Amino acid sequence: MHIVVFTGGGFPLPKATENYWKSTSGPDYVVAADSGLCACEAYAEFWKTKYDFSPDVILGDMDSLPSAEKRLKKYSSEQIILHDPYKDYTDTELALEHAHSYAERAGKGSHKFITLIGGNGGRLDHLLGIFDLFATELRPSVWLCGSQAVWFAPGESRFDVSGVSPKNPISIARVNGDSRSGGQINSSGLEWECGCFRDKGMPSISNRISKKNYKEGLPVKLSVIEGTFLFIFPVTALISAVNQGNHPKRR
């Protein structure tokens, strides 16, 4: 089950995500959180019948949704879940909680793949909050934000990355332990391979495909031997993933 969650903040233009949907699949269930409804509607309009991005649920306190009352009139009351703005949870957290709960109720809890779209820019605390969610049970499988896609990479997961150029940054962050150290990754096809990765903090920032692999049309290959990481790729990249949670096109 592929659940797509839209949240407020910057999001990739729909046309930039074509390779992403080829890498995964279209959504089976769509959640729009507050002003994430704007992104949701943009995707629905762009993809039309190729992928169905019409929202199944719209939730949040609607404090940042432009023309909220008028916009929500287009949808049935059964689709809308209103939350009190007086809360210590973000609408993104509530939307991800709903996504996980829906998968459990549908009997797909062990077969869910969640894509979070939006949340780029704006408030730093919200940005850090989304990053922190990857260390919790509410984590998405992938976060599409701006021009980048953040993929959750647990132990024994493997990724082949195509459709990138030396101008496209590839970065890696830690999620295990205290997020400062530990874990092990193997790589091939990078300009600076895993032997050059930092022992503490982010193992690699603004890495890129090697000139050789780019010239010969070969993918970058990354595999997690130990620990848990986030792989940050261009949103336009074509990704083949193995053992990355419940990838819809898992091989």
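The paragraphs below lead from the protein as a whole to a few of its residues.

The structure is a predicted model, in which local features need a pLDDT of at least 70, side-chain atom pairs count only at pLDDT 80 or more, and totals for chains, interfaces and linings use all residues. Residues are numbered from 1 along each chain as its sequence is written, and side-chain values use heavy atoms, with hydrogens and water left out.

Seen as a whole, the protein contains six helices and 14 strands, where helices (H or I, at least four residues) and strands (E, at least two) are DSSP runs numbered from the N terminus. Its C-alpha trace spans about 55 × 40 × 35 Å along the principal axes. The radius of gyration is 18 Å, which agrees with the value near 18 Å that a compact globule of 251 residues would have; this radius is taken over C-alpha atoms, and the globule rule is 2.2 Å times the number of residues to the power 0.38.

Of the 251 residues, 47% are buried, a word that here means under 20% relative accessible area, while exposed means over 50% and partly exposed lies in between (1.4 Å probe, protein chains only).

We now turn to the cysteines. A disulfide is a covalent bond between the sulfur atoms of two cysteines, and the test for one is a pair of cysteine sulfur atoms within 2.5 Å. A search of the whole structure finds zero disulfides. For cysteine 38, the nearest cysteine sulfur is that of cysteine 40, 9.8 Å away, and cysteine 38 is partly exposed, with a relative accessible area of 25%. The sulfur of cysteine 194 is too far for a bond, because the closest cysteine sulfur, in cysteine 196, is 8.4 Å from it; cysteine 194 is partly exposed at 24%.

Leucine 37 belongs to helix α2 (residues 36–47) and is buried, with 0% relative accessibility. Beyond its neighbours within four places in sequence, leucine 37 is in contact with several residues, including Pro55, Ile58, Leu65 and Tyr75.

Aspartate 91 lies in helix α4 (residues 91–105) and counts as buried at 12% relative accessibility. Leaving out residues up to four places away in sequence, aspartate 91 touches Ala33, Asp34, Leu59, Gly60, Asp61 and Asp63. One of these, aspartate 34, sits in the loop between β2 (29–33) and α2 and is buried as well, at 2% relative accessibility.

Most residues other than glycine have a negative phi. Aspartate 34, although not a glycine, has a positive phi of about 50°, and lysine 48, in the loop between α2 and β3 (57–60), has a positive phi near 45°.

Methods. Contact = heavy atoms within 4.5 Å.
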